[in-house]
Amino acid sequence: MRYQSRMGRKSVTARKVQLATAAMLLVATTATACGDGKDDNAKAGAPKAPATIPELTKDPLTLSFIWFDWPPAQALEAFANAEYKKERPNATIKVNTVPNANWHDAMFTQFAAHKTDFDIAILDSQHIGEAVTNGNILDITDFVKENIDVEAYNPYLLAAYGQFPQAETGKRDENASLYGLPLLGDTWTMIYRKDLIGDKPPQTWDEMISVAEKCQADNPGVSGLAFHQANGSDAAAVTYNTVNGVYGGNLWDAKARKIDGVLNDAAGQEAMDVLVNKMKPLTAKGSGNWFIDEVNAAVAQGKACIAFNWIAASGGLLDPKQSTLGTTREQILDKLGFATLPSQKTNLVPLGGMGMHVSAYSSAANQAEALNFMEWFERADVQKKWAAAGGVPSRTDALESPEFLNAGPFNQVYTDSVPRMRDMWNVPEYARLVDIENTNVNAALNGAKKPKDALDDIAKEQQGVLDSGSRKGGDGL
């Protein structure tokens, strides 16, 4: 069945139910939260949120989030406390942050204890399956039907940040359950030195490599490329997966749950060869463990001809206090250009970003506040304000609005990239799969393994994880 579009926003009074009733509903459904991990119980693992927002407390309340430490986290806290307080003056928003490398474990250690000091977990799209099958977050399907205009979103974004099991890339299964709503969209942008390579960005990946090679040769002390290589978070894995995609490779056969023989086929091997033998030589010495901050620093210090980074992490590049490229924003933009990723055999780009998910172990009052916050945050007017404040929205009307497109030189890149996105494996085994890939890609980039051996090891080890796991569900690609 199709989700119903929201026909105007209901008043708080009209949508209230007694808090005790909602609490009883959550307690009753929590009994299913510790599902046995089998495929037929994947959807039954999460307790259900009520369709209508429970009565909100009038007492002072702190609504806590957990995220990793980067500029969007600080932007969210400042934005929410400035704007949400206009509707809920008794509520304070706190965004607790941890280092990126500790983000997954910081959330799931608390989930495992069935006690969290956060009410809203900001999950990567690939974290959803693990959280759902363990009963860690609320099933908000009924809440979404009642309160959210799903037709306002690109269907893949709504699926990527909330659905499990997930459909193939670019599609949403309208009968699948939803466990979250979009918070921040993201993808990679290509950052290039207009003063060194010209105003027109490279259009193909091969051309990009050739341009970077010439730029490096013509400008001693400046590397041709800067990109993520670290063995942590999803850094090296996303880099390889991006190259894999543009050279026509696949990460797996989702329906057959087959990785070995798919990831490391001819297209996959070509992508690994391009990454290690053509791109890596154009990077700076000592860059083998670079991630977001290191790439930004290389760009800001004028040490890279072409770089790749997440759009949501690129705002600081325009700050003259952090840059040697100019003393004003305008001077910096005379030298820096931002473009969508070049294509090759395909035009795929990585899907980044995160969704908001309500902790199953939060108090009833805070769960009610979390649902109210999510309904508020997804309104069209609020999404446009979030865009103007530096956020990357997911509603189509906000993505195409002047508030978003005029807020940063890379925002048009995101809007243009949405139809091109491909995600990773959205399965409960994600954390183990990404660790295997990070370790081996990083080893290949740093000369500890031959490219072919690294890719074959990834495929074999990841296949072993899928074959040994009893949990299934979620295609993700």
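**Sheet, helices and links in a predicted model**

Colleague: Helix H2 (residues 71-83) lies across E1, E2, E3 and E6. At about what angle does H2 run to E2?

Modeller: Remember that this model is predicted. Angles over 145 degrees count as roughly antiparallel. H2 runs to E2 at about 175°.

Colleague: Helix H13 (residues 364-377) packs on the sheet too. Which strands does H13 touch?

Modeller: The direction of H13 makes about 65° with that of E1. The strands in contact with H13 are E1, E2, E3, E6 and E12 (352-358).

Colleague: Which strands stand at the edges of the sheet?

Modeller: The sheet is open, has five strands and shows mixed pairing. Its order is E2-E1-E3-E12-E6. A strand with a single partner has one side left without a neighbour in the sheet, so the edge strands are E2 (91-98) and E6 (181-186).

Colleague: By how much are neighbouring strands of this sheet turned against each other on average?

Modeller: Direction is ignored here. The average turn is 25°.

Colleague: In E3, which residue is the bridge partner of Phe65?

Modeller: Strand E1 (residues 61-68) and strand E3 (residues 120-124) run parallel. Two bridges join E1 to E3. In E3, Phe65 has as its partner Ile120.

Colleague: Which residue of E10 is the bridge partner of Tyr192?

Modeller: Strand E7 (residues 188-193) runs antiparallel to E10, and four bridges join them. On strand E10 (residues 336-339), Leu336 and Phe338 point one way, and Gly337 and Ala339 the other; all are buried. The partner of Tyr192 is Gly337.

Colleague: Which cysteines does the disulfide join?

Modeller: The count is one disulfide. The cut-off is a sulfur pair within 2.5 Å, and here S to S is 2.1 Å. The link is left-handed, with -85° about the S-S bond. It joins Cys215 to Cys305.

Colleague: How many residues apart are these two cysteines? And are they buried or exposed?

Modeller: Cys215 sits in helix H8 (residues 205-218), and Cys305 in strand E9 (residues 304-310). The pair links distant parts of the chain, 90 residues apart. Buried means under 20% relative accessible area. Cys215 is at 3% and Cys305 at 1%, so both count as buried.

Colleague: How are H9 and H18 oriented to each other?

Modeller: Helix H9 (residues 235-246) packs with helix H18 (residues 430-445), their axes 7 Å apart. The contact includes Tyr240 of H9 and Val441 of H18. The angle is about 80°, and 65 to 115 degrees is the range for this class. H9 and H18 are therefore roughly perpendicular.

Colleague: Where is the cis peptide bond that ends at Pro165?

Modeller: Most peptide bonds are trans. Pro165 lies in the loop between strand E4 (163-164) and strand E5 (177-178). Omega is near -5° for the bond from Phe164 to Pro165.

Colleague: His114 is not a glycine. What is its phi?

Modeller: His114 is in the loop between helix H3 (103-112) and E3. At 41% relative accessible area, His114 is partly exposed. Its phi is positive, at about 60°.

Colleague: What relative accessible area does Ser233 have?

Modeller: Ser233 lies in the loop between strand E8 (223-226) and H9. Its phi is positive too, near 50°. Ser233 is partly exposed, at 24%.

Colleague: What is the mean pLDDT of the protein?

Modeller: 88% of the residues reach 70 or more. Residues 1-44 are below 50, and residues 470-477 stay under 50. The mean is 89.

Terms used: Residues numbered from 1 in each chain as written. Predicted model: local features only at pLDDT ≥ 70, side-chain atom pairs only at ≥ 80, totals over all residues. Heavy atoms only, no water. pLDDT = per-residue confidence, 0-100. Contact = heavy atoms within 4.5 Å. Pairing = 2+ DSSP bridges. Axes fitted to C-alpha atoms, helices over the stretch in contact; angles between N-to-C directions. Buried < 20%, exposed > 50% of the residue type's maximum accessible area, 1.4 Å probe, protein only. Parallel < 35°, antiparallel > 145°, perpendicular 65-115°, else oblique.
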